[in-house]
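Dear colleague,

I am passing on the structure below, together with some notes on what turned up in it. Please read the notes with the coordinates open beside you.

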Amino acid sequence: MPGCRISVWNPDGPPSGAEVALVWRPPVQLFQHETGLKTLFNLGAGVDALLKMPEIPDHVRIVRLEDAGMAVQMAEYALYALLRVSRDFEAFDQAQARQHWDTREGTRQADWPVGVLGLGQVGARVAQTLADFGYPVAGWSRSPRQIPGVESFAGEAALPEFLGRTRFLVNVLPLTPDTQGILNRETLSRLLPGAHLVNVGRGEHLVEDDLVQMLEEGEIAGATLDVFHTEPLPKDHPFWHDPRVHVTPHIAARTLRDESIAQIAGKVAQLKRGEAITGVVERSRGY
Ligand SMILES: O=CC(=O)O
């Protein structure tokens with residue numbers, strides 16, 4: 001990046017005078033030290049942790065990563081979880097362990113209506129991918145979205161109807177005060193029987209105790225969870241030990257270095273030319 005001076009933040013040295021910082025969960029001292037910052041590029045899609053930091057001055061522009069190779073990873077993750085449950089692959093693994101030739105009846109895609117919570121760049125890719133495979137897919141977002149082959153539900157009033165037609169629920173919402181705890185007993189109990197939950201948003205979207213109980217009661221058949229209230233997931237957490245729950249360590253969509261650098265470098269160049277950039281967070285909206 002000719003024309004840019006790039007350094008690693010050194011909290012013990014004098015301020016660098018940087019106008020732009022690339023951050024992931026930065027310490028508050030950064031903002032007390034580097035007071036010339038104008039733009040923060042978040043090295044992830046979710047900016048919830050940054051928006052919980054009152055130390056970030058109001059005039060600092062926060063920019064999130066837009067897709068940058070994450071959307072396709074989320075689509076892969078959701079597709080993997082969907083195929084595993086909808087095609088009974090776990091039952092076949094168990095049958096193999098018993099050398100049992102399990103000639104169970106085949107499953108139908110129509111029996112697995114998919115619902116995607118959140119239809120931003122990531123959610124749209126997830127919904128589109130699963131729809132392309134032939135599953136009935138609907139998406140829920142704040143405002144209506146037009147995605148080919150995906151039924152759109154918008155706004156809080158449409159949430160019960162969206163949940164009521166969904167058996168495989170994928171959460172990719174941003175975490176905001178409005179969406180915190182949105183996956184709870186009241187909402188999850190509206191899903192179709194035999195439901196499976198995939199959470200690749202944030203742990204705080206889910207009321208974990210509600211899910212633990214609903215799995216016990218058979219109200220929810222299973223879950224594939226990548227994010228948790230406490231990460232790493234504490235060793236004694238019931239999710240580790242429940243065979244109906246599949247735990248992954250916040251890897252559903254990794255930040256890809258080259259793609260992220262290219263995107264951020266492009267936006268820095270645009271800013272230097274005085275152009276508007278996309279991906280700027282609306283703080284009042286929460287993402
Ligand atoms: O959690 C990861 C991200 O927000 O990109």
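This is a predicted model: local features need pLDDT of at least 70, side-chain atom pairs count only at pLDDT 80 or more; totals for chains, interfaces and linings use all residues.

The residues of helix 5 that are buried are Val122, Gly123, Ala124, Val126, Ala127, Thr129, Leu130 and Ala131. As for its length, helix 5 covers residues 121-132, and at 1.5 Å a residue these 12 residues should span 16 Å, which agrees with the 16 Å between its end C-alpha atoms. After helix 5 comes Gly134, which has a positive phi, near 105°.

Turning to the annotation, an unreviewed UniProt entry lists residues 81-252 as "domain: D-isomer specific 2-hydroxyacid dehydrogenase NAD-binding". In the model, the chain over residues 81-252 is 29% helix and 17% strand, and the end C-alpha atoms of this stretch lie 11 Å apart.

The other topic is the salt bridges, of which a search of the whole structure finds 14. One of them joins the side chains of Glu19 and Lys38, with 3.7 Å from N to O. This pair links distant parts of the chain, since Glu19 sits in the segment before strand 1 (20-23) and Lys38 in the loop between helix 1 (29-33) and strand 2 (39-42), 19 residues apart. Glu19 is partly exposed, at a relative accessible area of 45%, and Lys38 is likewise partly exposed, at 46%.

A salt bridge is also formed by Arg185 and Glu217, whose closest N and O atoms are 3.1 Å apart. Here too the partners come from distant parts of the chain, with Arg185 in helix 7 (residues 185-188) and Glu217 in the loop between helix 8 (208-216) and strand 9 (222-225), 32 residues apart. Arg185 is partly exposed, with a relative accessible area of 29%, while Glu217 counts as partly exposed at 49% relative accessibility.

The side chains of Arg190 and Glu186 meet in a further salt bridge, at 2.7 Å from N to O. Arg190 counts as partly exposed at 38% relative accessibility, and Glu186 is partly exposed with a relative accessible area of 45%.

Note on methods
Residues are numbered from 1 along each chain as its sequence is written. Side-chain values use heavy atoms; hydrogens and water are left out. Helices (H or I, at least four residues) and strands (E, at least two) are DSSP runs, numbered from the N terminus. The expected span of a helix is 1.5 Å times one less than its number of residues. Buried means under 20% relative accessible area, exposed over 50%, partly exposed in between (1.4 Å probe, protein chains only). UniProt positions are given in the numbering used here, feature names are shortened, and annotations may be inferred rather than shown by experiment. A salt bridge is a side-chain nitrogen of Lys or Arg within 4 Å of a carboxyl oxygen of Asp or Glu.
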